[in-house]
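Here is a brisk tour of side-chain contacts and backbone details in one protein model. Keep the sequence and the structure in view while reading.

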Amino acid sequence: MTPPPSPGGPAEPEVVTLLRTMIGFDTTNWGRGRSRGEVDLARWVADQLGSVGFEPRLLARPDAPERANVVLRVPGTDPDLAGLVVHAHLDVVPAEPADWSVDPFAGVVADGFVWGRGAADMKDMAAATLATLLHWGRTGTRPRRDVVVAFVADEEDRGELGAEWLVDAHPGLFAGTAAAIGESGGEFRALRAAGADPVTPAVRCYAVAAGERGTMHLRLTATGTAGHASRPGADNPVVVLLDALHRLAHHRWPLHLAPVVRSQLATLAAALGVEVDLDSDAGVEAALALLGDAADPARWTSRASTTPTVLEAGYKVNVIPGSATAEVDVRCPPGYDEALLAALPALLGEGVEHTFTSFQRPVEAPVDGAWFAAIRDAVLRADPGATVVPTCMAGGTDAKAFARLGLHCYGFAPLGEDPDGRRATGVHGVDERVPVASLVWGAAVLADLLTTI
């Protein structure tokens with residue numbers, strides 16, 4: 001499928017126009033400090049906000065002026081209420097144009113989708129948030145509570161120039177806030193239990209992230225005696241490292257149901273009419289099987305994982321190197337971090353040193369309080385027959401940075417049902433796109449939430 005490069009029409013909803021424009025700014029972030037930079041898009045966002053009377057702040061770490069962030073506080077009508085943070089990142093992962101059906105930075109509208117890198121991760125929410133702010137500025141509308149909006153850089157790497165830096169260098173910008181919403185949650189899904197008859201009516205669901213597994217990336221180093229490969233010794237660092245990686249990769253971490261994951265499975269089971277036992281390992285395994293794809297991502301968030309991803313060793317086939325290194329992606333469910341850290345030394349074994357290249361503990365927010373209830377109510381006002389399901393992310397977002405301020409963090413970037421069954425797709429892949437109808441519905445729900453929460 002090769003969609004025609006349509007620029008959109010004059011009756012196009014504003015959120016679509018904003019998203020197309022934002023996609024047009026190439027904010028590619030390759031990681032490890034390599035980036036196109038977010039400053040041009042950040043300036044454009046700030047200019048849009050300034051055009052309706054707001055005074056946003058453009059902030060960048062002094063040694064990286066091209067990696068800019070935009071922060072705006074909109075005062076609420078009730079100063080006694082705790083404020084809400086809304087965060088959306090402006091950077092995107094790389095795209096290889098030759099692999100795409102369209103120019104990934106053209107902001108094409110075709111076949112009911114907005115196409116382009118960042119369309120669903122997460123310039124869609126950035127555009128919906130900006131659309132709400134522009135409406136507030138033009139009409140004089142104000143939210144009930146202070147809303148602090150942060151359009152941030154560097155989420156697709158370590159956040160060191162975005163959310164992490166803002167939290168460390170400018171915590172006062174978020175004074176008086178108690179909760180935050182960001183990406184990864186709120187998309188419509190029609191769900192059935194595993195093995196259900198296809199004619200069985202699907203349950204209308206929206207998952208809202210209320211937790212994230214911890215991100216604890218490891219760098220492993222084994223050292224030994226360099227020498228000729230024809231005379232191998234017992235301390236070959238490649239062998240020592242491979243043995244450690246084998247133990248990590250094949251270790252079956254025990255089940256650990258954080259409260260948010262337990263709530264996810266229980267809520268889904270009730271909605272789908274499935275009886276489950278979540279008080280035993282066998283019962284949890286059975287529940288995951290019964291719920292099938294509907295339980296995503298609980299298959300991963302109910303356990304820790306240690307996944308080798310990078311290997312570096314040697315320079316010549318007949319030479320035993322003096323050292324070997326590897327990187328391991330370590331993820332940890334909420335409440336399991338201390339147990340994981342205690343188990344690592346035995347898995348690594350002797351002769352392997354380790355350092356953490358990233359150490360972000362898991363986060364979890366209440367699913368039985370007013371913040372989650374407000375999100376749920378905003379969804380149900382727009383889709384009264386739906387079920388809102390709390391969930392835990394297998395990966396991570398900038399929520400971990402804002403959680404360090406004591407905020408309850410939720411993933412809520414709403415996308416509604418597309419009448420023709422389209423879904424957002426291509427995140428971190430080829431032909432990334434988001435359905436226009438889903439985007440417009442989500443923008444309206446987000447505006448309702450931010451105004452009334």
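## Charges over a ring

The charged end of R422 sits over the ring of F113, 5.9 Å from its centre. R433 also lies over the face of F113, at 5.1 Å from the ring centre. The model is predicted.

## Aromatic pairs

How many aromatic pairs does the count come to? The count comes to eight. One of them joins F25 and W44. Their centres are 6.0 Å apart, and the angle between the planes is 45 degrees. That makes the pair tilted. F25 lies in the loop between α1 (14–23) and β1 (29–31), and W44 lies in helix α2 (residues 39–50), so the pair ties together parts 19 residues apart in sequence. F25 is partly exposed, at 21% relative accessible area. W44 counts as buried, at 17% relative accessibility. The cut-off for buried is under 20%.

Next come F174 and F402. The ring centres of F174 and F402 are 5.4 Å apart. Their planes stand at 80 degrees, so the pair is edge-to-face; the cut-off for that class is over 60 degrees. Which parts of the chain does the pair of F174 and F402 tie together? F174 lies in the loop between α4 (163–169) and β9 (177–182), while F402 belongs to helix α11 (residues 399–403). The pair therefore ties together parts that are 228 residues apart in sequence. Are F174 and F402 buried or exposed? Both are buried.

Ring pairs also build a cluster. Its members are F188, Y206 and W441.

## Cysteines

How many disulfides does the count come to? The count comes to zero. Take C332. Its sulfur is 9.9 Å from the closest cysteine sulfur, that of C392. That is too far for a bond, because a disulfide needs the two sulfur atoms within 2.5 Å. C392 is likewise in no disulfide, and the nearest cysteine sulfur to it is that of C332, 9.9 Å away. C332 is buried, with a relative accessible area of 0%. C392 is buried too, with a relative accessible area of 0%.

K123 is placed in helix α3 (residues 123–139). K123 is buried and has no salt bridge. Which side chain of opposite charge is nearest to K123? It is D26, at 6.8 Å. A salt bridge would need the charged atoms within 4 Å. What does the side chain of K123 reach at 2.9 Å? It reaches the backbone oxygen of F25. F25 is the residue whose ring pairs with W44.

T215 is found in strand β12 (residues 214–223). T215 is buried, with a relative accessible area of 6%. Its side chain has a polar contact of 3.1 Å with the side chain of R331.

## Backbone details

Positive phi values come next. S184 has phi near 70 degrees, a positive value in a residue other than glycine. S184 lies in the loop between β9 and β10 (188–191). With a relative accessible area of 33%, S184 is partly exposed. H428 has phi near 60 degrees, again positive in a residue other than glycine. Where is H428 found? It is in the loop between β20 (408–411) and β21 (433–435). H428 is partly exposed, with a relative accessible area of 48%; the cut-off for exposed is over 50%.

Notes:
Residues are numbered from 1 along each chain as its sequence is written. Side-chain values use heavy atoms; hydrogens and water are left out. Rings of Phe, Tyr and Trp (its six-membered ring) pair if their centres lie within 6.5 Å; planes under 30 degrees apart count as stacked, over 60 as edge-to-face and the rest as tilted. Helices (H or I, at least four residues) and strands (E, at least two) are DSSP runs, numbered from the N terminus. Buried means under 20% relative accessible area, exposed over 50%, partly exposed in between (1.4 Å probe, protein chains only). A charge sits over a ring if NZ of Lys or CZ of Arg is within 6 Å of the ring centre and within 35 degrees of the ring normal. Lys and Arg count as positive and Asp and Glu as negative; His and the chain ends are not counted. A polar contact is a pair of N or O atoms within 3.5 Å; within protein, one must be able to donate a hydrogen and the other to accept it, and residues adjacent in sequence count only if both atoms are side-chain atoms.
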